[in-house]
Amino acid sequence: MVDDPEPAAAHCTRCGRSRAEAPPADALAWVMTHDERGRSWLCPACARAHVRDIEGKLPDEYW
Ligand SMILES: [Zn+2]
């Protein structure tokens with residue numbers, strides 16, 4: 001058994017960067033997310049930007 005079934009297939013959903021090509025220390029910082037389409041990955045830089053998007057954006061329903 002392995003924790004990560006397909007590491008070679010993982011790539012950032014925002015910038016398309018391959019996790020398999022990232023340095024091992026950097027790969028550990030990648031963030032796995034789950035949405036309606038299943039599992040996806042964000043590289044560290046995009047994960048930070050993504051969090052800022054979420055925190056900075058109010059839902060449309062709020063208004
Ligand atoms: Zn990215």
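**Exercise 1.** Does Met-32 count as buried, partly exposed or exposed, and why?

*Solution.* The model is predicted: local features need pLDDT of at least 70, side-chain atom pairs count only at pLDDT 80 or more, and totals for chains, interfaces and linings use all residues. Residues are numbered from 1 along each chain as its sequence is written, and side-chain values use heavy atoms, with hydrogens and water left out.

Step 1. Buried means under 20% relative accessible area, exposed over 50%, and partly exposed in between (1.4 Å probe, protein chains only).
Step 2. Met-32 has 35% relative accessibility, so Met-32 is partly exposed.

**Exercise 2.** Find which residues Met-32 is in contact with, leaving aside its neighbours within four places in sequence.

*Solution.*
Step 1. Contact means heavy atoms within 4.5 Å.
Step 2. On that basis, and with those neighbours left aside, the partners of Met-32 are Arg-39, Ser-40 and Trp-41.
Step 3. Leu-42 lies 10 residues from Met-32 in sequence, with a C-alpha to C-alpha separation of 6.5 Å.

**Exercise 3.** Describe the zinc site and classify its geometry.

*Solution.*
Step 1. Donors are N, O and S atoms within 2.8 Å of the metal (3.2 Å for Na, K and Ca); water is not among the atoms, so sites may look incomplete.
Step 2. The SG atoms of Cys-12, Cys-15, Cys-43 and Cys-46 coordinate the zinc ion at 2.3 Å.
Step 3. Four donors count as tetrahedral if all angles lie between 85 and 135 degrees.
Step 4. The angles here are 102 to 116°, so the arrangement is tetrahedral.
Step 5. Cys-12 is buried at 1% relative accessibility, whereas Cys-15 is partly exposed at 46%.

How values were computed. Tetrahedral: all angles 85-135°; square planar, octahedral: opposite > 155°, others 65-115°.
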